[in-house]
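Please look over the sequence and the model shown here before reading on. The report below is meant for a reader who has not seen this protein before.

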Amino acid sequence: MVQEFDKVGVVGLGTMGAGIAEVFARAGFNVVGVEIDQAALDRGRGHVDKSLSRAVSKGKLTEEERSGIDARLTFSTSREDLADADFVVEAVPERMDIKRDVFGDLDRICAPGTILATNTSSLSVTEIAALTDRPEKVVGLHFFNPAPVMKLAEVITTVATSAETVDIVTEVAKRIGKTPITVGDRGGFVANALLVPYINDAVRLYERGIATREEIDESVKKAAGLPMGPLTLADLVGLDVCLAVMDVLWAEFHDPRYSASPLLRRMVAAGRLGRKTGQGFYGGKDEAPEPRRTGRFAEMVREEETLDLGEMLVAPQIDDAMRMIGDGYASARDVDTAMRFGCGYPKGPTELLEERGAESVITTLVAMSEYSLTTIAVPAPLLMDLLPDADEGASHGGGCACHG
Ligand SMILES: NC(=O)c1ccc[n+]([C@@H]2O[C@H](COP(=O)([O-])OP(=O)(O)OC[C@H]3O[C@@H](n4cnc5c(N)ncnc54)[C@H](O)[C@@H]3O)[C@@H](O)[C@H]2O)c1
């Protein structure tokens, strides 16, 4: 099926679209990149050129391969040039009014058989699909930044997506060298729904004066072998992006777990968005001041033997993953793939769980709850079920098993 694919359209050549166009051209597809005007088109082409030149200078691409890729890439300011595209990926700004305009046009311009994909991170794919007369041929194809490097592609299906479309898009994702996971349309999908609440947890611990930013970052690097701590990552991703994901999760689930930390919200209000503004949790001389230590409370937390700083960040994320699996939204393989290939984790949540054992994770969660350091009052049922004495524990109520 995919072999018949020839022409792929990419609408919007910004941070993500330029990388997506490059990925398709590298995989042998003919790509038409479309932008809003000539200036934006030149910028988009510049992003692709720069990335390809870097690959050549690093020896990851030969001059000959590069020429082939260049020959497969064309650029246009007219969406009409997508009339004969077999597959189109949209990567315009994260605003429903802009997506509506683009999908309305694509539905009119492209042949009825053309599959339309959105790279949205947080908007409803179902709502986007419903803007067209071909909802069965609309999916989310969520890439991670930088698109040419990160291996994960989340294929997001809606209640209207046809099985054939899912098969084709999954195959396309593999053909462009990505590791796809296929899940339904739900706030945050898999990777962001697991990553961003964890970043939010780190901000909460920081704002409550439990530890310094460096202690927080170092603790998780050590506990989970992560290449980067959560506050450094927040600066990199953008605090505004983190806040937007938290708000999407909150709007979807209304679970206190997804309420954004007040400090995160205030940093965004103050324009401290992380690396892109030069100021975030870190940032030279204008670094955010450390929150005032809350004296005895921080001391009590530090003295509590069952509470290790790194584990206080790892355990809730494992719990979130176990809920996601328990809900039937994603499989164990999906959550591990998402965190490994989308977020650079050396081990996925279920592997981290296996390393620690359910009892240890539950002990951390229960102790955190006792100190009001998490809104997770009861560990995920699937996690409780993993306890060796789960049956006995259940007959005494969930809490007993945790301390057993
Ligand atoms: N930046 C990320 O890390 C990231 C990661 C995954 C997904 N996403 C999603 O990808 C999408 C794009 O994000 P981005 O960060 O690349 O944004 P961006 O602002 O860097 O790029 C958007 C591009 O779309 C162009 N554009 C605007 N209106 C257009 C139109 N009507 N037709 C054609 N082009 C138009 C802009 O000129 C710009 O170049 C969003 O939906 C975002 O949520 C972003």
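Predicted model: local features only at pLDDT ≥ 70, side-chain atom pairs only at ≥ 80, totals over all residues.

Residues are numbered from 1 along each chain as its sequence is written, and side-chain values use heavy atoms, with hydrogens and water left out.

**Overall fold**

The protein has 19 helices and eight strands; helices (H or I, at least four residues) and strands (E, at least two) are DSSP runs numbered from the N terminus. The radius of gyration is 23 Å, close to the 22 Å of the globule rule for 404 residues, so the protein is as compact as a globular protein of that length. That radius is taken over C-alpha atoms, and the rule is 2.2 Å times the number of residues to the power 0.38. The C-alpha trace spans about 65 × 50 × 40 Å along the principal axes.

**Ligand site**

The ligand is surrounded by 24 residues, the closest being M16, E35, R79, E94 and K99; a residue counts if one of its heavy atoms lies within 4 Å of the ligand. Three of these residues have polar contacts in the table, where a polar contact is a pair of N or O atoms within 3.5 Å.

| Residue and its N or O atom | Ligand atom | Distance |
|---|---|---|
| M16, backbone | oxygen | 2.8 Å |
| E35, side chain | oxygen | 2.5 Å |
| R79, side chain | nitrogen | 2.8 Å |

On its own the ligand has 830 Å² of accessible area, and the protein covers 78% of this; the areas come from the Shrake-Rupley method with a 1.4 Å probe. α1, α4 (96–109) and β6 (138–143) each supply at least two residues of the shell, and the largest share, three residues, comes from α4. By class the shell has twelve nonpolar, eight polar and four charged residues. Here Ala, Val, Leu, Ile, Met, Phe, Trp, Tyr, Cys and Pro count as nonpolar, Asp, Glu, Lys and Arg as charged, and the others, Gly among them, as polar.

**Second largest pocket**

A pocket is an open set of points on a 1 Å grid, where a 1.4 Å probe fits, with protein on both sides within 12 Å along at least five of seven lines; lining residues have an atom within 4 Å of a point. The second largest pocket holds about 630 Å³ of space. Its lining has 23 residues, and E22, S51, R54, P148 and V149 are the closest to its centre. Both α1 (15–26) and α2 (38–57) supply at least two lining residues each.

**Local backbone features**

The peptide bond from N145 to P146 is cis, with omega near -5°, and P146 sits in the loop between β6 and β7 (152–157). H254 is not a glycine, yet has a positive phi of about 50°; H254 lies in the loop between α10 (239–253) and α11. Just after α11, G271 takes a positive phi of about 80°.

Terms used. Points joined across faces, edges and corners; volume = space filled by probe spheres on them. Polar contact = N/O pair within 3.5 Å; in protein donor to acceptor, adjacent residues only side chain to side chain.
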